[in-house]
Amino acid sequence: MEKVCKINSINRMGYRKFKAGQLFTGKQFVPPDSVLVVRENGQIEAIIPDSEAGEDLQPVNGILSPGFINSHCHLELSHMKGLVPPGTGMVPFLLAIMQQRNARRENMEEAMAAAEGAMIDSGIVAVGDICNTGDTIIQKLKKRLTYVNFIECSGFVPAGAGSRFDAASQLLVQLSATGKSSIVPHAPYSVSPELFRLIDHASAGQIVTMHNQESAAENDFFLTGKSPFRQLFETLGVDIDFFSPPGKSSLQAVWQWLQQPGKLILVHNVVTSQEDLSVIPGHRDDVKQQPELFFCLCPNANQYINNTLPPVELLLANQCTITLGTDSLASNTQLNILEEINSLLKAFPVLNMETVLSWATLNGARALGISDRFGSFEKGKEPGLVQIENGKIRRIL
(Lines give C-alpha, C1' and ligand atoms only; values in the text may rest on other atoms or scores of the structure.)
Protein backbone atom coordinates (compact mmCIF):
# COMPACT_ATOMS: atom_id res chain seq x y z
CA MET A 1 0.00 0.00 0.00
CA GLU A 2 2.82 2.42 0.89
CA LYS A 3 4.54 1.75 -2.47
CA VAL A 4 1.29 2.40 -4.38
CA CYS A 5 0.81 5.71 -2.54
CA LYS A 6 4.39 6.76 -3.36
CA ILE A 7 3.93 6.01 -7.08
CA ASN A 8 0.62 7.87 -7.15
CA SER A 9 2.29 10.82 -5.43
CA ILE A 10 5.08 10.87 -8.02
CA ASN A 11 2.54 10.85 -10.83
CA ARG A 12 0.49 13.62 -9.25
CA MET A 13 3.05 16.10 -7.87
CA GLY A 14 5.76 18.25 -9.46
CA TYR A 15 8.37 15.72 -10.50
CA ARG A 16 10.43 15.18 -13.62
CA LYS A 17 10.97 11.61 -14.82
CA PHE A 18 13.93 10.73 -17.01
CA LYS A 19 14.27 7.54 -19.06
CA ALA A 20 17.81 7.26 -20.46
CA GLY A 21 19.51 4.89 -22.84
CA GLN A 22 21.80 4.13 -19.91
CA LEU A 23 21.33 5.39 -16.36
CA PHE A 24 24.50 5.68 -14.27
CA THR A 25 23.89 6.22 -10.56
CA GLY A 26 27.40 7.31 -9.49
CA LYS A 27 28.20 3.72 -8.60
CA GLN A 28 26.95 1.63 -11.52
CA PHE A 29 24.67 1.35 -14.51
CA VAL A 30 21.17 0.19 -13.56
CA PRO A 31 18.75 -1.96 -15.61
CA PRO A 32 17.54 -0.36 -18.86
CA ASP A 33 13.93 -0.15 -17.68
CA SER A 34 14.89 2.27 -14.86
CA VAL A 35 13.49 5.79 -14.53
CA LEU A 36 15.10 8.58 -12.53
CA VAL A 37 12.57 10.67 -10.61
CA VAL A 38 13.71 14.20 -9.70
CA ARG A 39 11.92 17.01 -7.89
CA GLU A 40 11.60 20.34 -9.69
CA ASN A 41 14.39 21.77 -7.50
CA GLY A 42 16.80 19.09 -8.74
CA GLN A 43 16.59 16.92 -5.64
CA ILE A 44 16.65 13.19 -6.31
CA GLU A 45 13.48 11.35 -5.30
CA ALA A 46 13.89 7.76 -6.52
CA ILE A 47 14.89 5.31 -9.25
CA ILE A 48 11.91 3.16 -10.21
CA PRO A 49 10.95 0.73 -13.01
CA ASP A 50 9.35 2.40 -16.04
CA SER A 51 6.28 0.19 -15.51
CA GLU A 52 5.61 2.17 -12.32
CA ALA A 53 6.56 5.62 -13.60
CA GLY A 54 3.32 6.54 -15.33
CA GLU A 55 3.21 9.19 -18.02
CA ASP A 56 5.33 12.24 -18.92
CA LEU A 57 8.64 10.41 -19.20
CA GLN A 58 11.45 12.55 -20.62
CA PRO A 59 13.63 10.45 -22.96
CA VAL A 60 17.40 11.02 -22.79
CA ASN A 61 19.64 9.56 -25.48
CA GLY A 62 22.97 8.10 -24.37
CA ILE A 63 24.06 8.12 -20.73
CA LEU A 64 22.42 10.05 -17.89
CA SER A 65 24.89 10.64 -15.04
CA PRO A 66 25.26 12.73 -11.89
CA GLY A 67 27.18 15.97 -12.38
CA PHE A 68 30.96 15.78 -12.45
CA ILE A 69 33.40 16.64 -9.67
CA ASN A 70 36.62 18.39 -10.72
CA SER A 71 38.90 17.28 -7.90
CA HIS A 72 41.87 19.44 -8.91
CA CYS A 73 41.77 22.82 -10.59
CA HIS A 74 43.60 26.17 -10.50
CA LEU A 75 40.86 28.65 -11.41
CA GLU A 76 43.15 31.60 -10.62
CA LEU A 77 45.43 30.63 -13.54
CA SER A 78 42.65 30.80 -16.15
CA HIS A 79 44.15 33.94 -17.71
CA MET A 80 47.29 31.94 -18.54
CA LYS A 81 45.64 29.83 -21.24
CA GLY A 82 48.11 29.38 -24.09
CA LEU A 83 50.94 31.31 -22.41
CA VAL A 84 53.04 28.21 -21.76
CA PRO A 85 53.52 25.98 -24.82
CA PRO A 86 52.99 22.22 -24.45
CA GLY A 87 55.90 19.84 -24.00
CA THR A 88 58.21 22.07 -21.95
CA GLY A 89 58.81 19.55 -19.17
CA MET A 90 58.12 20.11 -15.49
CA VAL A 91 60.82 22.57 -14.42
CA PRO A 92 60.50 24.94 -17.42
CA PHE A 93 56.74 24.83 -16.92
CA LEU A 94 57.03 25.83 -13.26
CA LEU A 95 59.41 28.66 -14.11
CA ALA A 96 57.05 29.92 -16.81
CA ILE A 97 54.15 29.95 -14.35
CA MET A 98 56.11 31.93 -11.77
CA GLN A 99 57.47 34.37 -14.31
CA GLN A 100 54.31 34.94 -16.37
CA ARG A 101 51.34 34.55 -14.01
CA ASN A 102 51.04 38.34 -13.71
CA ALA A 103 51.37 38.98 -17.45
CA ARG A 104 47.66 39.36 -18.17
CA ARG A 105 46.13 40.35 -14.86
CA GLU A 106 43.93 42.94 -16.55
CA ASN A 107 41.69 40.18 -17.94
CA MET A 108 41.93 37.83 -14.97
CA GLU A 109 38.34 38.24 -13.75
CA GLU A 110 36.98 37.82 -17.26
CA ALA A 111 39.07 34.69 -17.79
CA MET A 112 37.97 33.13 -14.50
CA ALA A 113 34.30 33.83 -15.24
CA ALA A 114 34.64 32.27 -18.69
CA ALA A 115 36.45 29.22 -17.31
CA GLU A 116 33.82 28.72 -14.63
CA GLY A 117 31.05 29.04 -17.20
CA ALA A 118 32.73 26.42 -19.38
CA MET A 119 32.96 24.06 -16.40
CA ILE A 120 29.26 24.50 -15.70
CA ASP A 121 28.37 23.87 -19.35
CA SER A 122 30.49 20.70 -19.34
CA GLY A 123 28.58 19.20 -16.42
CA ILE A 124 30.89 20.06 -13.51
CA VAL A 125 29.01 20.83 -10.29
CA ALA A 126 31.83 21.06 -7.72
CA VAL A 127 35.53 21.88 -7.77
CA GLY A 128 38.54 21.25 -5.57
CA ASP A 129 40.39 24.50 -6.26
CA ILE A 130 44.02 25.34 -5.54
CA CYS A 131 44.46 28.89 -4.24
CA ASN A 132 47.69 30.86 -3.90
CA THR A 133 45.89 34.21 -3.82
CA GLY A 134 42.46 35.64 -3.11
CA ASP A 135 41.88 36.38 -6.80
CA THR A 136 39.02 33.87 -7.10
CA ILE A 137 36.96 35.18 -4.18
CA ILE A 138 34.71 37.54 -6.17
CA GLN A 139 33.85 34.83 -8.69
CA LYS A 140 33.24 32.18 -6.04
CA LEU A 141 30.90 34.42 -4.05
CA LYS A 142 28.50 34.24 -7.01
CA LYS A 143 27.81 30.63 -5.89
CA ARG A 144 27.51 29.24 -9.42
CA LEU A 145 29.56 26.20 -8.42
CA THR A 146 30.43 24.55 -5.13
CA TYR A 147 34.10 25.05 -4.29
CA VAL A 148 36.35 23.32 -1.79
CA ASN A 149 39.38 25.61 -1.44
CA PHE A 150 42.91 24.34 -0.91
CA ILE A 151 45.13 27.20 0.22
CA GLU A 152 48.52 26.19 -1.11
CA CYS A 153 51.56 26.79 1.05
CA SER A 154 55.13 26.54 -0.21
CA GLY A 155 58.64 27.47 0.88
CA PHE A 156 61.67 25.17 0.74
CA VAL A 157 63.91 27.32 2.92
CA PRO A 158 63.33 26.33 6.57
CA ALA A 159 63.77 29.85 7.96
CA GLY A 160 60.71 31.09 6.09
CA ALA A 161 58.30 28.44 7.35
CA GLY A 162 56.56 30.61 9.95
CA SER A 163 55.91 33.58 7.70
CA ARG A 164 54.72 31.35 4.82
CA PHE A 165 52.28 29.56 7.09
CA ASP A 166 51.01 32.84 8.58
CA ALA A 167 50.31 34.19 5.08
CA ALA A 168 48.40 31.02 4.19
CA SER A 169 46.41 31.31 7.42
CA GLN A 170 45.32 34.84 6.52
CA LEU A 171 44.24 33.69 3.06
CA LEU A 172 42.35 30.81 4.66
CA VAL A 173 40.19 33.28 6.57
CA GLN A 174 39.36 35.20 3.39
CA LEU A 175 38.52 32.15 1.27
CA SER A 176 36.47 30.43 3.97
CA ALA A 177 33.63 32.79 3.04
CA THR A 178 33.37 31.02 -0.31
CA GLY A 179 33.34 27.40 0.87
CA LYS A 180 35.09 24.69 2.84
CA SER A 181 38.81 25.55 2.98
CA SER A 182 42.07 24.12 4.32
CA ILE A 183 45.82 24.81 4.17
CA VAL A 184 47.77 22.30 2.08
CA PRO A 185 51.37 21.72 0.96
CA HIS A 186 52.17 22.48 -2.68
CA ALA A 187 54.53 19.56 -3.40
CA PRO A 188 57.36 17.62 -1.72
CA TYR A 189 60.06 19.63 -3.53
CA SER A 190 58.67 23.02 -2.51
CA VAL A 191 57.89 22.59 1.20
CA SER A 192 60.50 22.39 3.96
CA PRO A 193 60.18 19.87 6.81
CA GLU A 194 59.50 22.80 9.16
CA LEU A 195 56.64 24.03 6.96
CA PHE A 196 55.30 20.49 6.51
CA ARG A 197 55.12 20.16 10.30
CA LEU A 198 53.13 23.39 10.64
CA ILE A 199 50.69 22.32 7.93
CA ASP A 200 50.39 18.82 9.37
CA HIS A 201 49.64 20.21 12.83
CA ALA A 202 46.80 22.32 11.41
CA SER A 203 45.35 19.57 9.21
CA ALA A 204 43.85 17.20 11.78
CA GLY A 205 40.57 15.94 10.34
CA GLN A 206 40.85 18.28 7.33
CA ILE A 207 40.93 17.52 3.60
CA VAL A 208 44.48 17.96 2.31
CA THR A 209 45.76 17.71 -1.25
CA MET A 210 49.29 17.74 -2.66
CA HIS A 211 50.89 17.66 -6.10
CA ASN A 212 52.65 14.31 -6.09
CA GLN A 213 55.32 12.75 -8.32
CA GLU A 214 54.35 14.73 -11.39
CA SER A 215 57.68 14.00 -13.10
CA ALA A 216 60.76 11.81 -12.84
CA ALA A 217 62.76 14.93 -11.99
CA GLU A 218 60.84 15.20 -8.71
CA ASN A 219 61.78 11.70 -7.60
CA ASP A 220 65.39 12.20 -8.75
CA PHE A 221 65.66 15.29 -6.54
CA PHE A 222 64.96 13.13 -3.48
CA LEU A 223 66.71 9.95 -4.62
CA THR A 224 70.07 11.36 -5.70
CA GLY A 225 69.83 15.16 -5.71
CA LYS A 226 70.82 15.18 -9.38
CA SER A 227 67.76 16.74 -10.91
CA PRO A 228 66.58 19.73 -12.98
CA PHE A 229 64.96 20.94 -9.77
CA ARG A 230 68.40 22.12 -8.65
CA GLN A 231 68.42 24.40 -11.69
CA LEU A 232 64.96 25.60 -10.68
CA PHE A 233 66.22 26.79 -7.30
CA GLU A 234 69.36 28.30 -8.84
CA THR A 235 67.27 30.27 -11.34
CA LEU A 236 65.10 31.54 -8.49
CA GLY A 237 68.18 32.50 -6.49
CA VAL A 238 67.38 30.08 -3.66
CA ASP A 239 70.38 28.50 -1.90
CA ILE A 240 69.61 24.83 -1.11
CA ASP A 241 73.10 23.73 -0.02
CA PHE A 242 71.44 22.62 3.21
CA PHE A 243 69.45 19.92 1.37
CA SER A 244 70.67 16.33 1.51
CA PRO A 245 68.67 13.87 -0.61
CA PRO A 246 67.16 11.15 1.60
CA GLY A 247 67.60 8.42 -1.02
CA LYS A 248 63.91 7.61 -1.31
CA SER A 249 61.09 8.77 -3.55
CA SER A 250 59.54 12.18 -2.96
CA LEU A 251 56.31 10.67 -1.60
CA GLN A 252 58.10 8.36 0.80
CA ALA A 253 60.31 11.24 1.93
CA VAL A 254 57.39 13.40 3.08
CA TRP A 255 54.81 10.78 4.00
CA GLN A 256 55.55 11.18 7.72
CA TRP A 257 54.05 14.71 7.57
CA LEU A 258 50.82 13.64 5.88
CA GLN A 259 49.25 11.62 8.68
CA GLN A 260 46.83 14.02 10.35
CA PRO A 261 44.27 14.80 7.60
CA GLY A 262 40.95 13.02 7.51
CA LYS A 263 41.30 12.80 3.73
CA LEU A 264 44.40 13.08 1.56
CA ILE A 265 44.23 13.67 -2.20
CA LEU A 266 47.48 12.98 -4.07
CA VAL A 267 47.40 14.67 -7.47
CA HIS A 268 49.04 13.54 -10.75
CA ASN A 269 51.02 10.49 -9.47
CA VAL A 270 52.74 10.10 -12.86
CA VAL A 271 55.81 8.30 -11.51
CA THR A 272 54.26 6.69 -8.44
CA SER A 273 55.63 3.15 -8.13
CA GLN A 274 54.62 -0.16 -6.63
CA GLU A 275 57.17 0.43 -3.89
CA ASP A 276 55.47 3.73 -3.02
CA LEU A 277 52.06 2.09 -2.87
CA SER A 278 53.42 -0.77 -0.77
CA VAL A 279 55.31 1.41 1.70
CA ILE A 280 53.24 4.50 2.39
CA PRO A 281 50.12 3.03 4.03
CA GLY A 282 52.18 1.49 6.86
CA HIS A 283 55.00 4.02 7.01
CA ARG A 284 54.43 4.96 10.66
CA ASP A 285 53.57 2.25 13.16
CA ASP A 286 52.66 4.81 15.84
CA VAL A 287 49.77 6.17 13.79
CA LYS A 288 46.63 4.15 14.45
CA GLN A 289 44.51 5.68 11.72
CA GLN A 290 45.77 6.72 8.30
CA PRO A 291 44.00 9.40 6.26
CA GLU A 292 41.47 8.23 3.69
CA LEU A 293 43.60 8.24 0.56
CA PHE A 294 42.59 9.35 -2.95
CA PHE A 295 44.64 9.50 -6.15
CA CYS A 296 43.55 12.31 -8.47
CA LEU A 297 44.46 11.94 -12.16
CA CYS A 298 44.78 14.84 -14.60
CA PRO A 299 45.87 13.00 -17.76
CA ASN A 300 45.49 15.85 -20.23
CA ALA A 301 47.68 18.13 -18.12
CA ASN A 302 50.31 15.38 -17.83
CA GLN A 303 50.35 15.05 -21.60
CA TYR A 304 50.47 18.83 -22.04
CA ILE A 305 53.51 19.30 -19.78
CA ASN A 306 55.50 16.08 -20.02
CA ASN A 307 53.79 13.97 -22.71
CA THR A 308 53.24 11.30 -20.06
CA LEU A 309 50.30 9.54 -18.41
CA PRO A 310 49.76 8.19 -14.88
CA PRO A 311 50.17 4.44 -14.19
CA VAL A 312 46.47 3.60 -14.28
CA GLU A 313 46.91 -0.18 -14.37
CA LEU A 314 49.18 -0.01 -11.30
CA LEU A 315 46.65 2.06 -9.35
CA LEU A 316 43.86 -0.34 -10.33
CA ALA A 317 45.92 -3.37 -9.32
CA ASN A 318 46.44 -1.81 -5.88
CA GLN A 319 42.73 -0.98 -5.53
CA CYS A 320 43.46 2.73 -5.15
CA THR A 321 40.52 5.12 -4.95
CA ILE A 322 40.79 7.35 -8.00
CA THR A 323 39.30 10.76 -8.81
CA LEU A 324 39.67 13.10 -11.78
CA GLY A 325 40.81 16.70 -12.21
CA THR A 326 41.62 19.10 -15.01
CA ASP A 327 44.53 21.07 -13.52
CA SER A 328 44.65 24.62 -14.95
CA LEU A 329 44.23 26.34 -18.30
CA ALA A 330 47.98 26.97 -18.14
CA SER A 331 48.46 23.20 -18.52
CA ASN A 332 45.31 22.17 -20.35
CA THR A 333 43.29 23.42 -23.30
CA GLN A 334 39.99 23.12 -21.42
CA LEU A 335 38.51 22.40 -17.99
CA ASN A 336 36.33 19.49 -19.07
CA ILE A 337 36.14 16.25 -17.09
CA LEU A 338 34.59 14.35 -20.00
CA GLU A 339 37.71 15.11 -22.05
CA GLU A 340 39.80 13.59 -19.23
CA ILE A 341 37.53 10.54 -19.34
CA ASN A 342 37.83 10.25 -23.12
CA SER A 343 41.63 10.45 -22.92
CA LEU A 344 41.81 7.72 -20.30
CA LEU A 345 39.46 5.41 -22.20
CA LYS A 346 41.54 5.87 -25.35
CA ALA A 347 44.88 5.27 -23.63
CA PHE A 348 43.89 2.39 -21.34
CA PRO A 349 41.74 -0.34 -22.91
CA VAL A 350 41.43 -2.00 -19.51
CA LEU A 351 39.07 0.80 -18.46
CA ASN A 352 35.33 1.01 -19.11
CA MET A 353 32.89 3.89 -18.89
CA GLU A 354 31.26 2.66 -15.69
CA THR A 355 34.58 2.64 -13.81
CA VAL A 356 35.75 6.03 -15.02
CA LEU A 357 32.36 7.68 -14.42
CA SER A 358 32.54 6.55 -10.80
CA TRP A 359 35.88 8.38 -10.54
CA ALA A 360 34.30 11.53 -11.97
CA THR A 361 31.24 11.48 -9.72
CA LEU A 362 30.97 9.65 -6.40
CA ASN A 363 34.70 9.20 -5.79
CA GLY A 364 35.29 12.90 -6.40
CA ALA A 365 32.45 13.86 -4.08
CA ARG A 366 33.83 11.60 -1.37
CA ALA A 367 37.31 13.06 -1.75
CA LEU A 368 36.03 16.62 -1.34
CA GLY A 369 33.77 15.70 1.57
CA ILE A 370 30.56 16.63 -0.27
CA SER A 371 29.05 13.21 -0.97
CA ASP A 372 26.04 14.12 1.17
CA ARG A 373 24.95 16.42 -1.69
CA PHE A 374 26.79 15.34 -4.83
CA GLY A 375 28.15 12.36 -6.70
CA SER A 376 25.24 9.93 -6.94
CA PHE A 377 21.53 9.57 -7.61
CA GLU A 378 20.34 8.95 -4.07
CA LYS A 379 17.23 10.30 -2.40
CA GLY A 380 17.68 13.84 -1.07
CA LYS A 381 20.86 14.66 -2.99
CA GLU A 382 21.12 17.41 -5.63
CA PRO A 383 24.00 16.10 -7.77
CA GLY A 384 23.01 17.66 -11.07
CA LEU A 385 22.17 15.71 -14.22
CA VAL A 386 24.36 15.43 -17.31
CA GLN A 387 23.80 13.68 -20.63
CA ILE A 388 26.70 11.98 -22.41
CA GLU A 389 26.11 11.09 -26.03
CA ASN A 390 28.64 10.32 -28.77
CA GLY A 391 31.53 11.54 -26.63
CA LYS A 392 29.87 14.91 -25.97
CA ILE A 393 28.16 16.31 -22.90
CA ARG A 394 25.07 18.37 -22.15
CA ARG A 395 23.95 19.61 -18.76
CA ILE A 396 20.27 18.91 -18.05
CA LEU A 397 20.01 20.12 -14.43
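## Sheet, pocket and a buried threonine

Strands β5, β6, β7 and β8 make up an open four-stranded sheet, in the order β5-β6-β7-β8, with parallel pairing. Its edges are β5 (68–73) and β8 (181–185), each of which pairs on one side only. From one strand to the next, the twist averages 20°. This is a predicted model.

Four bridges join β5 and β6 (residues 124–131) in the parallel sense. At C73, the bridge partner in β6 is D129. Helix α3 (residues 108–121) packs on this sheet and touches β5, β6 and β7 (146–153). The direction of α3 makes about 145° with that of β6.

Helices α2 (90–100) and α8 (228–236) each supply at least two residues of the lining. The largest share, five residues, comes from α2. By class, the lining divides as follows.

| Class | Residues in the lining of the largest pocket |
|---|---|
| Nonpolar | 14 residues |
| Polar | 10 residues |

Is T323 buried or exposed? It is buried, because its relative accessible area is 0%, and the cut-off for buried is under 20%. Leaving aside residues up to four places away in sequence, T323 touches S71, F294, F295, C296, L297, W359, N363, G364 and A367.

Technical notes:
Residues are numbered from 1 along each chain as its sequence is written. This is a predicted model: local features need pLDDT of at least 70, side-chain atom pairs count only at pLDDT 80 or more; totals for chains, interfaces and linings use all residues. Side-chain values use heavy atoms; hydrogens and water are left out. Ala, Val, Leu, Ile, Met, Phe, Trp, Tyr, Cys and Pro count as nonpolar, Asp, Glu, Lys and Arg as charged, and the others, Gly among them, as polar. Buried means under 20% relative accessible area, exposed over 50%, partly exposed in between (1.4 Å probe, protein chains only). Contact means heavy atoms within 4.5 Å. Two strands pair if DSSP finds at least two bridges between them. Axes are lines fitted to C-alpha atoms, for helices over the stretch in contact, and angles run from 0 to 180 degrees between N-to-C directions.
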